[in-house]
Amino acid sequence: MATTQLPHQNFRPISGFCVTSCQLSTALPSPPKPLKSRNLTVKTPQNLKWAVKLSLVDQSTPPKSTVDVERLVGFLYEDLPHLFDDQGIDRTAYDERVKFRDPITKHDTISGYLFNISLLKILFKPDFQLHWVKQTGPYDITTRWTMVMKFMLLPWKPELIFTGTSVMGINPETGKFCSHVDFWDSIESNDYFSLEGLWDVFKQLRIYKTPDLETPKYQILKRTANYEVRKYTPFVVVETNGDKLSGSTGFNDVAGYIFGKNSTTEKIPMTTPVFTQAYDATLSKVSIQVVLPAEKDISSLPDPNQETVNLRKVEGGIAAALKFSGKPTEDIVCEKEKALRSNLIRDGLKPKTGCLLARYNDPGRTWSFTMRNEVLIWLEEFSFS
């Protein structure tokens, strides 16, 4: 992707035309005399032919918007959650000639844009989550979102996950949206047409077998090329001491609790995954855990029969997860943990000591190449970049 040196101010549409998609409606003045500019490297897509290229110079005051952008921010908070439901988005908020781009799709009209939404609804079961909407320029609004889509045409119904931002350009003359450009967190090359983007789609079509059982609830905040960032709600586990991350020592004890070996002989529904958690930097101090159903409150659960088995509430929080298939041997798990921790530190995040291994499948009944395993590391904090 090409870079160019620009001053320390945002490149935004100038009153009278939409920079990202609309035709110029006023003549441009003659170029001003060159002024000293401050260096700022900004990535500029080369293949967006409809983008207007302008040289920027320092200005004493930034341009003021002639549009009620605050109202449009509130509108998007209300409208975008309907992107894939029966109500749908309000097409009257968009110019007829609206430029939509993502790494593998482009449309130049509102009709094409709405057709793309309808097609996604047929091929997938999209779950769109809007995180925030904010004004990022006089005629720009940026949104951050997560979209989880289940591909219904394949027998194993793979789940495709995309997170990123959308920059919505506003036409100053109409006060309507005239462009919508998506940027995915999982790739570097977001220009249309992105082979990296196409590969990012295809690699998510692989088979992961996830049992149809209850799992701890979480929201995906961000998906990069190497990991997901999730926000977990609190959950309860029954746990005992284990021997190693990939081991099964203690599993019969915690499984016995949910099968009725408790103070009331209550049988509790099975969940997934089985966690093994290491609490120290050397990954040697380990417990093995089974998650209990969300409807179960720790105060109402029966006591374990064994003194070595305990109930504990996990307060939830932010965790990074690295998914992989195959048999999770100790060497492989340690290698995945090291890679995940390295990527988190590289990206400026603060991983906590220790990690968890999540095993979703019965190893005796699942082909290794379809197994779903995850290494998770709790994070000190997380904020969207």
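**Aromatic pairs.** I began with the aromatic rings of this predicted model and counted twelve aromatic pairs. I then asked which residues form one aromatic cluster. The members I found are Tyr 218, Tyr 232, Phe 235, Phe 275 and Trp 378.

**Charges over rings.** I next looked at arginines placed over ring faces. Tyr 218, a member of that cluster, has Arg 230 over its face, at 4.2 Å from the ring centre. I noted a further case at Tyr 360, where Arg 372 lies over the face at 4.0 Å from the ring centre.

**Largest nonpolar core.** I recorded 36 residues in the largest nonpolar core. Within this core, Leu 76, Tyr 94, Ile 141, Ile 170 and Phe 177 have the most contacts. I then looked up the elements that each supply at least two of its residues: helices H1 (69-79) and H2 (110-123), together with strands S3 (94-102), S5 (127-137), S6 (140-150), S7 (159-170) and S8 (177-184). Which element gives the largest share? I found that H1 does, with five residues.

I followed Tyr 94 in particular. Leaving aside residues up to four places away in sequence, Tyr 94 touches Leu 80, Ile 89, Ile 110, Tyr 113, Met 168, Lys 176 and Phe 177.

**Helix H1.** I listed Val 69, Leu 72, Val 73, Phe 75, Leu 76 and Asp 79 as the buried residues of H1. They lie on the same side of H1, because the arc they cover around the axis is only 160 degrees. Glu 70 and Glu 78 are exposed on the other side. I checked what covers the buried residues of H1 and found S5, S6, S7 and S8 among the elements.

**Helix H5.** I compared the length of H5 (residues 330-346) with expectation. At 1.5 Å a residue, its 17 residues should span 24 Å, and the end C-alpha atoms are 24 Å apart, so the two agree.

Which residues of H5 are buried? I noted Val 333, Glu 337, Leu 340, Arg 341, Asn 343 and Leu 344. Their arc around the axis is only 165 degrees, so they fall on the same side of H5. On the other side I found Asp 331, Glu 335, Lys 338, Ile 345 and Arg 346 exposed. The cover over the buried residues of H5 includes strands S15 (317-324), S16 (355-359) and S17 (373-378).

How values were computed. Residues are numbered from 1 along each chain as its sequence is written. This is a predicted model: local features need pLDDT of at least 70, side-chain atom pairs count only at pLDDT 80 or more; totals for chains, interfaces and linings use all residues. Side-chain values use heavy atoms; hydrogens and water are left out. Helices (H or I, at least four residues) and strands (E, at least two) are DSSP runs, numbered from the N terminus. The expected span of a helix is 1.5 Å times one less than its number of residues. Buried means under 20% relative accessible area, exposed over 50%, partly exposed in between (1.4 Å probe, protein chains only). The arc is that of the directions from the helix axis to the C-beta atoms. Contact means heavy atoms within 4.5 Å. Rings of Phe, Tyr and Trp (its six-membered ring) pair if their centres lie within 6.5 Å; planes under 30 degrees apart count as stacked, over 60 as edge-to-face and the rest as tilted. A charge sits over a ring if NZ of Lys or CZ of Arg is within 6 Å of the ring centre and within 35 degrees of the ring normal. A nonpolar core is a set of buried Ala, Val, Leu, Ile, Met, Phe, Trp, Tyr and Cys residues joined through side-chain atoms within 4.5 Å.
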